[in-house]
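Please go through the following model with the text alongside. The paragraphs start with helix packing and then turn to annotated sites and backbone details.

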Amino acid sequence: MPRIDSDIKLDFKDVLFRPKRSTLKSRAEVDLNREMVFRNSKRKYKGIPIIAANMDSTGTFEMAKALSEFGVFTTIHKHYTTDEWIAFSKENPDTLKHVAVSSGTSDKDLTNLTQIIGAVPELEFICLDVANGYSEHFVEFLRQVRKQFPTHTIMAGNVVTGEMVEELLLSGADIIKVGIGPGSVCTTRVKTGVGYPQLSAVIECAEAAHGLGGHIISDGGCTCPGDVAKAFGAGADFVMMGGMLAGHTESGGEIVEKNGKKFKMFYGMSSSTAMKKHAGGVAEYRASEGKTVEIEYRGDVSHTIRDVLGGIRSTCTYVGAAVLAELSTRTTFIRVTQQLNEVYSAFKVGN
C-alpha cells in the first residue's frame, strides 16, 4: 500500500534567514572561499563553491574561463570532443583546477571520459550526471569509474534522500548532487510527479553526507542570490546554477534578435531541443522532461556573478558569519508566507 510522509517539506520560497548580532563591520570582511578535503579521492580543494551547471548552454569552456577568474567552478558539458578539451587545456592550464569533465553512464560515455582524462591528465574532477541517481546501474557505473580513477574527485547524482546519499558516498563518490525537478527548465515533476522540495532535500542530504565525511551540491531551484545563500545556509557545500547563468556572452548558443531585442536559447538537457541536437530526437520509449525558453541577452557573466557573490556576503553579515563555512552554523530559518513586497513587480526602474 502507498504511504504518505506527512512531515512538512520546504522550498527556498518558504523561508527567510533570521538576522543575528554580528561583529562584522562590512561585507568586504566576509571570505567566501572554502577549503575541503574529499572523502574518497583525498584531494584538497580551495575556491568559491558555486558551480555552473553542466548544461550545454551554461557549462561551456567560455563560462569556465570567465568564472575561474573569480575562483568559481564549472562542470563542463559532456558534448565537447577530446580534441576540443586538449586545445582548451593548452590555452587555459590554470582553469583546469576549477572544472570537471562530465559523463553519462553509457559505454560510449565511459569511452569518451577515459579518452579525455587520458589526453588531459591535469583534470582532477569528474561529474557523473543522470536524472535518476537511484538506479542500480548508476551505482555500478560509479563503482566502475571509482576503480578506474581512484584519485579523481567524483561528483555524482542526482538524488534527494539521505539513504541514497550514503549509498553513493560508500560506492566511491565524493560530492553528491542533490535535486530532482527544481530547475527552471526542468519538467520532471510535471511529467512524472516525482520530486522533493529543494531546501528540505539539502538539509536532509547534507546531514547524511557530512556524517560520512562527504559533501553535497544543491543543484537547481535558485532564482536569485538569496536562494543561493539559503542553499549554503541549509548545509550545501556547493551550489550549482543553470538558469541564473544562462543568456550571457559566455553561455552556449547563438544570439538571436527579435523586435530589436537580443535573446539566447536556454533548454533542459532532457528537453526535445537537447535530444534533437545530441541524439537525433526523443526516443520512442521516453518523454521530454525539459523545456526551451528564450532569455533576453544579459551581457558578460561577470556582472551576474558579482551580484551573486555580493548577495551571499551580505547574508553572511546579517547572520554574523565571517567565512562561508560558518553560514550554516549561524543559520536559523523562519517560515514565511511572503518573500517580498511585489507591488511594483510589473514595473522596471525608470517607469
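**Helix packing, annotated sites and backbone**

Helix H4 (residues 136–148) and helix H5 (residues 162–170) have axes that come within 9 Å and cross at roughly 30°. That makes H4 roughly parallel to H5, since angles under 35 degrees count as roughly parallel, over 145 as roughly antiparallel, 65 to 115 as roughly perpendicular and the rest as oblique. The axes are lines fitted to C-alpha atoms, for helices over the stretch in contact, and the angles run from 0 to 180 degrees between N-to-C directions. Helices (H or I, at least four residues) and strands (E, at least two) are DSSP runs, numbered from the N terminus.

This is a predicted model, in which local features need pLDDT of at least 70 and side-chain atom pairs count only at pLDDT 80 or more, while totals for chains, interfaces and linings use all residues. Residues are numbered from 1 along each chain as its sequence is written, and side-chain values use heavy atoms, with hydrogens and water left out.

In the H4 contact with H5, Phe138, Val139, Leu142 and Arg143 of H4 meet Met164, Glu167 and Leu168 of H5; contact means heavy atoms within 4.5 Å. By class, this contact of H4 with H5 has 5 nonpolar, no polar and 2 charged residues. Here Ala, Val, Leu, Ile, Met, Phe, Trp, Tyr, Cys and Pro count as nonpolar, Asp, Glu, Lys and Arg as charged, and the others, Gly among them, as polar.

The crossing of H2 and H3 is right-handed; a crossing is left-handed if the near helix is turned anticlockwise from the far one by less than a right angle, and right-handed if clockwise. On the H2 side Thr82, Trp85 and Ile86 take part, and they meet Gln115, Ile116 and Ala119 in H3. The contact of H2 with H3 has, by class, 4 nonpolar, 2 polar and no charged residues.

Strand S4 (residues 72–76) contains Val72. Is Val72 buried or exposed? Val72 counts as buried because its relative accessibility is 1%, where buried means under 20% relative accessible area, exposed over 50%, and partly exposed in between (1.4 Å probe, protein chains only). Leaving out residues up to four places away in sequence, Val72 touches Ile48, Ile50, Leu67, His98 and Ile305. Between Val72 and Thr331 there are 259 residues in sequence and 23 Å in space, C-alpha to C-alpha.

The annotated positions come next. Cys186 sits in the loop between strand S8 (175–178) and helix H6 (188–192), whereas Thr188 lies in helix H6. With 28% relative accessibility Cys186 counts as partly exposed, while Thr188, at 12%, counts as buried. Gly181 is in the loop between S8 and H6, and Gly183 also lies in the loop between S8 and H6. Gly181 is buried, because its relative accessible area is 13%; Gly183, at 26% relative accessibility, counts as partly exposed. Not counting residues up to four places away in sequence, Gly181 touches Cys186, Thr188 and Arg189.

Helix H8 (residues 225–233) is mostly covered, with 8 of its 9 residues buried. The buried residues of H8 are Pro225, Asp227, Val228, Ala229, Lys230, Ala231, Phe232 and Gly233. After H8 comes Gly235, with a positive phi near 115°.

Some backbone details remain. The peptide bond from Gly157 to Asn158 is cis, with omega near 25°, and Asn158 belongs to strand S7 (residues 153–159). Lys42, although not a glycine, has a positive phi of about 65°. Lys42 lies in the loop between strand S2 (34–37) and strand S3 (44–52) and is exposed, with a relative accessible area of 59%. Asn259 is not a glycine either, and has a positive phi of about 50°. The loop that holds Asn259 runs between strand S11 (255–258) and strand S12 (261–267), and at 83% relative accessibility Asn259 counts as exposed.
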